[in-house]
Each structure stands twice: as structure tokens, then as C-alpha cells.
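The following report describes a two-chain model for a reader working from coordinates. Its sequence and structure are shown first.

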Amino acid sequence: MTAAESVFPQLEALLPHVQKPIQYVGGELNSTVKPWESCDVRWALMYPDAYEVGLPNQGVMILYEVLNEREGVLAERTYSVWPDMEELMREHHVPQFTVDSHRPVGAFDVFGLSFSTELGYTNMLTALDLAGIPLESKNRGIDDPIVLAGGHAAFNPEPIAEFIDCAVIGDGEQAVLDMTEIIRAWKAEGRPGGREEVLFRLAKTGNVYVPGFYDVEYLPDGRIGRVVPNKSGVPWRVSKHTVMDLDEWPYPKQPLVPLAETVHERMSVEIFRGCTRGCRFCQAGMITRPVRERSITGIGEMVEKGLKATGFEEVGLLSLSSADHTEIGEIAKGLADRYTEDKIGLSLPSTRVDAFNVDLANELTRNGRRSGLTFAPEGGSERMRKVINKMVSEEDLIRTVATAYGNGWRQVKLYFMCGLPTETDEDVLQIGDMAVNVIAKGREVSGQNDIRCTVSIGGFVPKPHTPFQWAPQLSAEQTDARLEKLRDKIRGDKKYGRSIGFRYHDGKPGIVEGLLSRGDRRVGAVIRAVYEDGGRFDGWREHFSYDRWMACAEKTLPSYGVDVDWYTTRERTYEEVLPWDHLDSGLDKDWLWEDWQDALDETEVEDCRWTPCFDCGVCPQMDTHIQIGPTGKKLLPLTVVK
Amino acid sequence: MQRIRLRYTKRGRLRFTSHRDFQRAFERALRRAEVPMAYSAGFTPHPKVSYANAAPTGTGSEAEYLEIALTEHRDPATLLTLLDESLPTGLDITDAVEARTSGLADRLTASIWEMRLEGVAVGDAEKAVEAFLAAETVEVQRRTKNGMRTFDTRGAVAGLEALPPQADRPVDKPCAILRLVVRHLTPAVRPDDVLSGLRALADLAPPVPAAVTRLAQGLFDEESGTVTDPLAPDREAAPAAPPKAAGTASATAPEGPAA
């Protein structure tokens, strides 16, 4: 085992030579350093991106606190180091370290990585290598940490199957504690049977996926024949975890407050988990079902304690569609009333067009600035929105923006996707018409000409465990061509063009994301080749190299008889075994297929919170149920408690 | 409005806090400590805090100063404790006085720095210091926003000496301490610049980066060659007896409108 001593003395000598050294020193407010010897199960948690992105991550923050609250368990954090630091660490033999007490990651029992996106895979390899942990699971010894993947990307961990020892899908709060107990018992017994035994004990629960215990058989045409356990006692399928009562898990209680500047600096409270709006492109909405609301009083308590613990000046009410909380009006009003004096701003990151109302918007901006409003119609044409089941009509949108412009807003931002299944040039060009209609309405109701509308477009990437998991992805060239036509159309509009901002990304990063999202174990060779060629920080435009990814794919994939197109632009059939079929998100594969057919027929599906169940399969399969209000309770002013 | 002047530190690993980072951390600490801050007017009101002369990122400090404006009266000692508890360890508040004089910034005319040079023999450091002090000017270059800039470091240096480290150190590893008194001039001469000068003049090249700490900041006293406590005039200007502040008065007065 790597010695557990702090590497800070060696690190300190490097800090004057790197950019933003503060990101490597730890010492954040509300961070925890527990005595090493007082704990028998030790976790190193990583968000595999730069500190400024990783530190505010809610998932890592929650698990860090949940684990550290436990007697005899400690958790420390580590993030990806920038290339300037990586170079110095290699030169001076400083291993990947935790920022809390600067211990080598290799000294911990578990090295848990949270993947919000697949673009963190190369950063995981960098961290493993810097930590001195063998890159491949099969080469690790008894003293190496158990390398664990979690987060949304872990719902298809096959591309990183050879690099991780195990994966957990779904909610992590209870899962990490259950894993801790298994590891603790195994260690207390003197680690019988070595690594294989502890991984087997984890796998047997049916809740931890150990890729090494499954063999993948391929058909002659390159498709997967089947995935079979290679060890008796290992279940055929692994289930996701679901935490039912959010009020029992009021985390983070003491959010970390960094000294360095990070991407989000606010007191974030997850007001509900899950979403059943049923947007067919949305992996998050599909894999986090059912909807489970935090109560209005639970939210109020978390905000109050969190603000006291952090001193943040903004509260973020997080969820996949925050205006859908059954008591969102009361919550926003209650919080705005409470914090009028303290100049605390409120933000609602995800607001649906049809759930927006001006009273809510006014509450949100009461104590803070009135910036822009953001909505996501996602599809430009009515037809497209039926395909993706984003049940928002153009009339809804125009009515909403009219209200907003009429109440003093001057700026509206609209998000769309390009490359959705069945999409044509005409569907995308209608985004331009929609923007024009928004500006026209804005000028009409406000009587002013300085109205702006920004159109922001991302490329659609089909994701596992969604109805679009079978869909062909649009090639980078076609995506770019379509967006160019739209750009020319907007720029060519003499009357409105100058009021419309147009922001889009080229199609190339989407292809790499597509390869990693729906990839199987053979894609691991590509990831490794890219890492070895110097690929890092793939989520960063300045570091991402499409050409490197394609060159590495051409070197590695042909020996398997497949290529990048096979993974991305190829449509799958009903019979095909998908790489993630043995990971159970609760969604019935037949229901997903029906929903995919409904998409092609432009048939919409309602939200099961307000209409009868449509049998997506999650609740019976996972033994869960929808949990929503209203509770009828109110947020009281806090004059006494202060 | 009450103004309070604070002295704070940047210690240990938190010396890598940049000034911008410190500002954010301090403003959050003000909120956590529920300090009744005065806010600037305007579209985005900011709490009124004036920072003076912050030490560069990566250098430690025992003597940083700032001033805050409050809408309600607070006892400086209580405020010190509250704020210190609200800041991470290493960013510590070490002094607080109510402002009774003008121009704190005008009283910060020089700094005393300590530079710990691991791996450098005291004798070598002494020779370099001697050469430095003997020179009329010591020109160095530093990269600034406007490109490389050449300037003199000797003129701002009011004192420089090489000392052996504290007795508790192992004797087998050489180490020298430089004690530097530098006047705040324009362009500002930083400890780094003096080290560059020592390297250029006498080839003094520490094998590891020097650990630099600001020990004191204040009005330069020509006679003693050192600096005076910049908060002393505020303390001296305080009335002899503890002031009958609003808090004490209202505690004894019955409720209702004041007489």
C-alpha cells in the first residue's frame, strides 16, 4: 500500500510554479480532515475535472459529507490537476493527492469517481497513473484501492470496464454506506480471498456492478451476442439505487466554500429528484425516476442552515425542472420574504416554458438582479417537439415571453438541439422563425426595439436508457451544414436578425461523446490510446482534440471490425443486445421501444404525475413510487430563531 | 456609520490565496458573522470594504489591513472573534480597532519581510547582502501586464540582513533567513525582486523557492529603521474610559423613545 503520509511538503515546492495554486491546497470552509488512524474504511472521492468545476459538484459534496459523518469512515477529495501541475508532479514524483490532507490516492481503500459526463474518462486515466494505480483492473493488487465509478455516465460503464473495478448506478447516499460496511467487514476478517473476494461480496448484493465478473460475447457482425456472468453467485443484472425520502437526506448540510473561484458559488438545494415529463432525449429524466420531492419545510431548513454555514449570497433551487415542484410558488415567495434584508438572490436553473409564470419570476428576482430568462423548447418545429415529447407549443412560448417582456425583461435565451431523430433542415430552420416571432412579440408588448433573443444550440447525442438509445446520431458534417443554413437565415433577416444572438457548437465533440455514451468494452482501447497520446480535459474546448480521437479510433477499432460510425450514426434494431442491457435502470426495454416507435409516429406521452401510469416499469421494478406534495405547509419568517 | 480597521494574516498553505480569493472569502465571512455591513449604492450593491496593499499570491503575511463600514455599532473585540471564527484557519483576524483617524493607507509606507532560504548557507547569504547594500542601484526585470519591465530595487530597500534560522532547526541542512525592510514606492519592489537582485549581483540562487512572509506593515521610522503599528493612532485617539456605546446605554434605559 502506498504510504499514507501527506505529500504536502513536496507539493508546496511546486505550488509557486503553477497557475492558481490555491486549487491544490484544500482548507475550504466546511471541509473535513479526520484522523487517518481513527478510521478503518477510507474513501478518496474524485470529480474528474478541474477543481473549479469539480468542487461545486453536488454529488461529490453529498457523499463526502455522508461518509465523513460516519464513525470510523473518512472521505477526502481529489480533482484533476492541470497539465502544468501534472508535468511537475511527474518530474518530482508527487502522486495524485487529496486536497483535504494531501494523502496519496493510492493509500485509500476506495477511489470513487463521479462521472456526470463521459468526457472525464481520460482524466480518470491520468489520475490513476499519477496515483501509481495500475490502469487496468486485472493488474491491481490487494493494496490498491477499489476503483469505483458512479454518476449518470456510469449507467453505461462498459467503455471504462477494464479500468474500473466496479460501478454503482443511481443514488449514491445509501449505496456508499452499504459498500463501506462490506469493505469494513472484509478488512476486519483480514482481507480473506483478496480483491476478488471483496468485489464478489459487493457484486452479490445485486447493487454493485463488477465488470470483471461478466464476459461479453460478440456476434460475427460485431454486435453483442450476450453478456454473461463468469462466476456463480453473480446476478445477471445489476440494479440502480433509489433513495425514497429526500427529507431524510438533507445533504449537503455544510456545503464546501472554496477560496478559489469556481463555476457555481451558491447554496444549492435539490428540491426534487427525478422527472417524468418524458422528454425522449433526456437521459437524466429517464434514469432518475420516479419523482421524489423534498418538502417545502425541508427545503426551508436546508436553505437556512446552509446560508448560515456558508455565507453564500445566492440560493439555487435545483432539479431537472424546478418550476414543476408542487409548491414552487410558496417556496419562492417564502424564501424571498425571508431574505429580503440579506440581499439573497434566488435562482431556478431549469424552468419549463409551460410552468413559468410571472409571479414566480418576480419572486425570483425580488432580492437580486433581473437578468435574462432562459427556456428550452429544444425543437424548432411543432413536429420535432412531438417527436421528442417536449410538450410545449409555440403559442405557450409566445404567451410566456409576452408576459416576460411585458413585465420588464429585455432578454430571453432559448435552448435547442440539432440532430434529433427524423429531423430535417426545415425543422431546424424553424428555430429562426421562432426567434423572429419572439422578438416581434417582444417589440409589440414592450413598445421598445431593444429586445434581444439568444438562440443556443447543442448537438443531440443519443444516450443509453432512453427511447432514443436505438437512434442514429447525425454526423458532424451534417450537423454543421444544418446549423450553417440556420445561421445564414438568421443573419439574412434584415428586420430581426440583429436582435437575435446565435450560439452553437460544431458537431465534432458530439461524435466523441456519442462514441463514449453508447460504446461497449472495445471502446476502452480508444480511450486508452487517446490518454497515452496526451488527451486530457476533453470537456474543455482548448484541450479537446477531435483529430486525436479519430486517429486513435482508426488505430484500435478496425481489429474488432467496427468503427466510429458503427457506434454513432448507425441505427440499432429491436433485437440488438445493447452494451448496457444488463444494467437495470428500472425502465422496461419494451416500453422504451414503444416510446421510440411513438416518437417516430409523433405521438406524445403525458406526465404520470398528473395522468395514469403509462408503465415505464420503474416503480414496480424498483419498488418505488411517486412522492409529491403539496404538503400545504408554509415557510414562516425566521424572526425568532436568528 | 462606524468604521472598523482589521489586521489579518495569510498563514501556511492559505498563503496561496490570491487577493481576489480573499475578498470573496472575507465577504462571505461577513455574512456568516452577520455583520451589519454598509452597502455601496448602485445597481449591484457591494459591502463597503477597503483593502490596503495586499501581499502577492504565494507569500505569507502576518500584517494585512482592511477597513469595513458598519450601519450599526459593534464592539471591535467581539467582531474580531466572530469574523475570525467565520474564516478558514490561516486567514486569521488578529487585531480590530474602531477607526478614529483618517488615512490608514497613508500610514502603510513600508513593510518588513522575512525570507526563508532553505539550502542556502548563512555565510553565502551574508556576502550577497553585503554586495547588495554596497551597490548604488540594483536593476532587475519583471514581467508585468505591459511586458518586461526593468527597474531599480536598491532604492526602496531600507534594510536587509542575513540571519541564521531559529535554534530548533536541524543543523545538518543549511538555511538562511533574510530580513528585509522595504519602502512602498512606485513601482512597488517586492521581496521576489530583491531576490532577483541578489541572484543577479551575487549569484545567490536558492535551490527551492524562498518562503516569504510579511511580518509587519506601517509607517516607516527613519531613526529606528523599522515600522510602527498603523493601528496605534486609532487606539490612542480612543477616549480614556470605555465609550458609553449605544449597546450599553439601551441596556439600562427602559423601552420607549429615547429622551
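Which residues are buried in helix α2 (residues 76-86) of chain B? They are B:L79, B:L80, B:L83 and B:S86. A residue is called buried if 20 or more other C-beta atoms lie within 10 Å of its own, exposed if 12 or fewer, and partly exposed in between, with C-beta atoms placed from the backbone. Helices (H or I, at least four residues) and strands (E, at least two) are DSSP runs, numbered from the N terminus.

This is a predicted model, in which local features need pLDDT of at least 70 and side-chain atom pairs count only at pLDDT 80 or more, while totals for chains, interfaces and linings use all residues. Residues are numbered from 1 along each chain as its sequence is written, and chains are lettered from A and ligands numbered from 1 in the order in which they are written.

Chain B comprises six helices and eleven strands. Its C-alpha atoms fill a box of roughly 75 × 45 × 35 Å, taken along the principal axes. Of its 259 residues, 33% count as buried. Among contacts in chain B between residues at least 6 apart in sequence, 74% join residues at least 24 apart; two residues are in contact if their C-beta atoms, placed from the backbone, lie within 7 Å.

The contact between the chains takes 19 residues from chain B and 20 residues from chain A. On the side of chain B, the largest share, six residues, comes from helix α1 (residues 19-32). By class, this side has eight nonpolar, six polar and five charged residues. Ala, Val, Leu, Ile, Met, Phe, Trp, Tyr, Cys and Pro count as nonpolar, Asp, Glu, Lys and Arg as charged, and the others, Gly among them, as polar.

B:R32 lies in helix α1 of chain B. This residue counts as buried because 20 other C-beta atoms lie within 10 Å. Leaving aside neighbours within four places in sequence, B:R32 is in contact with A:K308, A:G311 and B:S86.

**Domains and strands of chain A**

Chain A is divided into domain 1 (8-239) and domain 2 (266-366 + 606-642), with bounds from an automatic or database domain assignment. The C-alpha centres of these domains of chain A lie 30 Å apart. Their contact takes five residues from domain 1 and seven residues from domain 2.

Two strands pair if DSSP finds at least two bridges between them.

| Strand pair (chain A) | Bridges | One pair of bridge partners |
|---|---|---|
| β1 (residues 41-50) and β2 (residues 73-80) | eight bridges | A:V41 and A:V73 |
| β16 (residues 452-459) and β17 (500-504) | five bridges | A:I457 and A:Y504 |

Strand β2 of chain A is mostly covered, as eight of its eight residues are buried. Four strands of chain A form an open sheet in the order β14-β15-β16-β17, with parallel pairing. Its edge strands are β14 (373-378) and β17 (500-504), each of which pairs on one side only.
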